Amino acid sequence: VNLEVNGKRFAATPAPGDCLRVFLRELGWYGVKKGCDGGDCGACTVWVDEKPVHSCLYPVFRAEGKRVTTIEGLAKDGQLHPMQRAFLDAQGFQCGYCTAGMIMTGASLTDEQKQDLPRALKGNLCRCTGYGSIRDAFAGIHNVAPDAAGESRGASVPSPFAEAIVTGQARYTSDIPMPEGLLHLKVLRSPHAHAKILSIDRSEAMAVPGVVAVFTWEDVPRRRYSTAIHEDNRVDPDDTYLLDNVARFVGQRIAAVVAETEGAAEEGCRRLEVEYELLPAVFDPEEAMVPGAPILHDVGGDSHILHPDRNVFLELHGEVGSVADGFAQADAIYEGTYDAPRQQHVHLETMQSIAWRSEDGRLHIRTSVQGPFIVKGKLCYLFGIMPADLHVFTERVGGGFGGKQDMMSEDLPLLATIKTGRPVKWEFTREEQFIGATTRHPMKTHVKLGAKKDGTLTAMQFRIVSNTGAYGNHGGETLANGMSGPWAIYKCPNKKGDGYAVYTNLHCGGGFRGYGTGQPTFAVESALDELAALLEIDPIEIRRKNVVGAGDEMLSVLQDPSDLTMGSYGLDQCIDAVEKALASGRGLPKPPGEDWLAGSGIGLSMLDCVPPTEQRSGSEVALLPDGGYHFTVGSVEIGNGLVTAQQQVVAQIMGCATARVSLLNADTDKTPYDSGTFASVGMMVPTKAVENAAVALRDKILAFAAETTNLPPAKCRLEEAAVLCGKRRVPLTELYSLAKEKREMLSCFRKAYGSPRTVAFMAYGVRLAVHRVTGEIRILFNVEAVDTGVVMNPNQVRGQVIGGVVQGLGWALQEKMVYNADGAVINPTLRNYRIPAFADAPVTEVFFADTYDKIGPLGAKSIAENTINPVAPAIGNALKAATGIRFTALPFSEDRIFSKLQELQTAGG
Amino acid sequence: MNLNTVREIKRPRSADEIRQWRDGDAWLGGGTWLFSEPQIATDTLIDLETLGWQAIASGSGGIEIGATCKIAELYAFRPPDEWKSGALIGECCRAFLSSFKIWNEATVGGNIVMSLPAGPMISLTVALEGTYTLLPREAPPREVRAADFVTGNHANVLERGELLRSIHLPATALAKSFAFRRSELTHLGRSSVLLVGTRNKPAGGLTLTVTAATVKPVQLTFDASPTAAQLRAAIDAAIPESLYLDDVHGSPSHRRHLTYHYAEQIRQELDS
């Protein structure tokens with residue numbers, strides 16, 4: 001094939017069935033991304049002879065003689081294309097993985113198409129932004145603030161990777177020239193929900209040209225572990241083997257094949273002959289707990305499984321006060337059961353790893369994980385590797401949302417590299433993300449609330465049954481989390497909770513934004529509205545009456561000694577802001593006609609800003625020869641904007657512009673240890689470490705400058721590029737040289753620890769209209785008010801909020817994983833599992849409470865997870881307000897709610 | 001995605017060059033479906049692009065659409081104003097789940113032979129009383145009514161290796177007035193129901209085409225405009241419960257409900 005790419009001519013001989021996307025990437029045009037490889041997400045959009053196409057669907061042989069333009073070729077003569085400039089000015093991205101495709105699509109639009117963005121952008125999916133900043137980019141809105149020295153706290157400075165993102169230069173996991181001799185890994189996954197493997201015949205597979213090795217359960221260390229990434233591995237059960245001789249869900253990996261090409265590895269998988277003995281399977285957690293149910297894990301007590309004989313990984317029970325007394329005092333009692341289903345993360349970059357051995361014998365893994373240090377620890381344990389011999393790192397990661405808080409893609413490439421001596425790459429397909437990765441845990445919550453006439457809660461009781469799937473990774477911690485915050489936000493003295501994390505033969509739950517709190521929040525925030533209705537109290541008033549106030553004890557049924565404190569309090573401001581916004585009348589009018597019913601609803605959420613278990617990080621900040629600063633930190637940039645915030649913290653403390661601050665993150669060789677970027681810890685732990693190190697370095701520089709100039713340190717002040725010592729300005733470059741001469745290190749390393757922990761608050765309000773005949777729901781207005789302490793970067797935080805809201809709307813209204821009777825997911829593609837597209841995302845207002853946190857860095861606190869939690873119940877409450885009907889099972893898609901609406905009409909509505 | 005089992009691409013100048021049809025052969029239209037999923041049973045792609053079929057032409061008898069006509073070409077086509085149903089072309093193109101970028105490659109014929117319930121080119125051509133010309137491998141060309149082509153979800157009357165050549169939309173149907181209703185679970189998403197009514201106004205009968213809601217298209221014709229009760233009864237008679245599609249894009253009961261709802265709206269709209 002001869003073709004022109006970005007003005008350069010290329011000739012190559014691809015395989016006949018290859019698509020243009022893969023071909024372009026092999027030529028080194030890494031701006032062409034793989035989001036789905038099936039034409040649904042648009043991340044691979046390029047132009048062929050000026051026409052935008054999805055290059056994953058474009059047969060490469062048809063590109064003969066054509067002119068291809070990728071994101072790398074869009075800028076002309078060093079000048080960004082206006083669409084690139086617009087995305088830069090608006091910071092129209094978060095992880096940036098979808099951005100190249102967004103820009104290539106946007107830059108191809110006619111003016112007429114730009115008038116109808118929902119339609120023009122329906123072929124481009126973004127999971128991070130909720131499309132808010134993308135809408136801004138098309139509207140020509142500038143969201144960036146000037147990068148002023150010493151004024152970066154609270155300023156919307158751009159991401160340090162912004163230019164790289166809009167030009168396709170930002171490097172995600174696979175965006176590097178592949179090591180020489182690379183092998184590709186593919187896995188055979190179980191077609192059965194529960195089966196014992198009797199034999200695996202690999203001879204046919206090994207006979208496939210290009211296949212180098214096959215690995216099965218017989219080839220791996222027989223050591224139990226959990227894929228979940230936590231500092232304390234005892235919070236997860238040791239119930240998993242690298243490869244096992246029992247399949248416990250459809251999609252479990254059975255064998256790995258490595259080959260010279262992906263095609264050969266796939267063919268090798270198809271040629272494996274596996275003999276299974278089918279075992280009875282159980283999919284419902286309540287049924288799984290009944291005596292006589294099929295047992296998933298027949299293992300000993302060292303596994304941390306509480307009741308293997310009842311499929312119960314963990315159960316938690318607790319009571320504070322007496323709910324019996326509390327219900328006896330109540331004037332009204334409400335009881336209901338709420339069904340909160342799975343949700344897939346759909347980070348646009350699928351999980352992937354590349355492993356290799358360097359000449360010095362060390363092993364390296366470049367990966368897409370949220371916690372490279374813990375992965376390293378697990379791999380050292382599993383393979384018996386000395387820690388010094390293994391290096392795990394990430395560069396830019398294309399979204400996470402908790403989906404990459406498991407070790408899923410690193411272990412098999414490492415195994416294959418150890419066994420073959422060659423570099424090995426494994427890239428999940430989008431289908432594998434749906435069938436073999438984790439999801440939000442489905443949870444059923446039975447809730448019972450009692451209150452006095454004036455709305456004062458007297459008792460809260462709940463029972464949560466969480467379906468942890470075939471393995472218990474995150475099952476316990478999500479359950480404990482779900483039993484805490486959603487209930488502790490209310491100061492009722494009598495609370496009782498029972499929770500069960502139960503094994504079934506479905507694929508496993510994992511960490512998902514909200515981490516077990518979104519599901520019970522759906523229950524309790526819905527139930528509170530029902531209770532308010534019984535008492536004829538306004539839903540906002542019943543919340544005001546019962547929420548914790550500043551300094552109140554946050555009473556959890558789990559009475560472990562807790563380091564949870566209220567470092568700041570802004571819930572009152574959040575509630576006021578949402579109430580005011582809903583009352584303002586802003587937003588779209590109700591559609592005309594009596595068939596449209598409108599209503600408003602709200603929901604609240606409280607988030608523990610750090611997990612209760614161990615969480616630690618460290619950072620080193622150093623003065624550079626050019627007078628700038630460099631910091632290292634172990635946390636991962638997954639589109640959360642963490643590195644921007646960290647850069648701002650350093651710049652703020654050093655009194656310089658962020659442009660003078662460079663960084664390196666998430667590398668077990670080159671950065672300090674970090675427990676991982678999850679549980680909304682980004683600001684609270686690693687950024688705190690950055691703050692600590694920066695403060696220490698500032699003081700050290702001032703002390704050194706004072707010593708040099710024979711002045712007291714108090715007379716010295718750090719400026720943009722110099723220290724002002726009395727009246728003398730000593731350039732930082734000079735100080736650096738002086739320090740070097742004196743063998744003084746102008747760098748500081750400091751640690752941070754996730755304790756004590758603070759809390760963040762959130763209120764979400766929505767007004768919607770529902771069509772009583774069709775069931776269609778339209779969001780007319782929605783607002784989220786967030787208490788996140790000092791807002792380090794308003795534009796980034798706004799992006800996190802809108803992204804969380806839209807992900808929450810996806811869960812509430814449309815996302816649905818469907819299984820067949822055999823336990824297989826039937827819709828493992830983005831065209832059949834519909835995450836919100838631009839057309840589904842309403843304009844969302846964001847309000848920031850004015851608070852300063854005593855614990856977080858520079859007064860800031862967590863944001864990421866809390867944003868999603870109150871959305872689903874607020875939608876349910878608004879539906880109730882509009883129709884009088886309480887819907888208790890998500891998602892509220894029109895085909896699931898319409899039949900109840902018909903009953904309403906028959907009843908005379 | 002790469003189709004790693006494909007070993008050969010054939011680029012014939014004429015469909016007649018492909019006489020022997022073997023297991024593993026697949027006609028390649030735009031490739032937007034073929035390349036969207038693994039095709040492990042396919043080892044040879046036979047490119048239709050090199051056949052150079054005319055995309056679209058119109059004359060007094062109606063519109064002739066080549067099977068390889070890209071959706072973008074169809075969407076750009078402007079039929080004469082006197083064909084009141086000409087606007088249905090745009091409506092049906094916009095009913096695609098896929099965006100305009102896919103339309104640059106996807107073909108009209110590809111959408112029809114995929115024979116998915118929500119295929120909007122099926123909706124269009126059935127509603128406009130189209131006829132398809134098919135090219136069997138070893139027999140003379142044959143014609144089938146669009147309404148008879150799709151036999152089930154992802155199933156049709158094509159014989160092994162048989163190729164859809166072209167679609168004829170008659171001027172008589174294009175001259176009718178139309179009413180269009182579509183519903184989807186997500187905004188601009190895949191159709192859960194797509195109903196088209198056409199009528200020779202003022203006195204003509206109603207032709208109602210139900211697609212997306214059902215596993216295959218259902219067409220109801222009324223010599224005179226039906227009453228609401230007659231319409232409902234006719235739907236009941238023509239569409240048993242089992243014919244309503246059950247998939248992730250809509251439940252059968254909702255599809256049935258919306259079929260009644262929108263059919264009645266169409267009846268009223270075309271009556272007015």
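**Exercise 1. Work out how many salt bridges the rule gives over all chains.**

Start with the rule: a salt bridge is a side-chain nitrogen of Lys or Arg within 4 Å of a carboxyl oxygen of Asp or Glu. Apply it over all chains and you get 75 salt bridges. Keep in mind that this is a predicted model, where local features need pLDDT of at least 70, side-chain atom pairs count only at pLDDT 80 or more, and totals for chains, interfaces and linings use all residues. Housekeeping: residues are numbered from 1 along each chain as its sequence is written, chains are lettered from A and ligands numbered from 1 in the order in which they are written, and side-chain values use heavy atoms, with hydrogens and water left out.

**Exercise 2. Take the pair A:D244 and A:R248 and find how far apart the closest N and O atoms are, then classify A:D244 and A:R248.**

Step one: the closest N and O atoms sit 2.7 Å apart, and the pair forms a salt bridge. Step three: A:D244 comes in at 3%, so call it buried. A:R248 has 9%, so it's buried too.

**Exercise 3. Do likewise for B:R22 and B:D25.**

The salt bridge here has its closest N and O atoms 2.8 Å apart. B:R22 is partly exposed at 35%, while B:D25 is buried at 9%.

**Exercise 4. Which residues are linked with A:R62 in a network of salt bridges?**

From chain B, collect B:R11, B:D47, B:E49, B:K70 and B:E105.

Definitions and conventions
Buried < 20%, exposed > 50% of the residue type's maximum accessible area, 1.4 Å probe, protein only.
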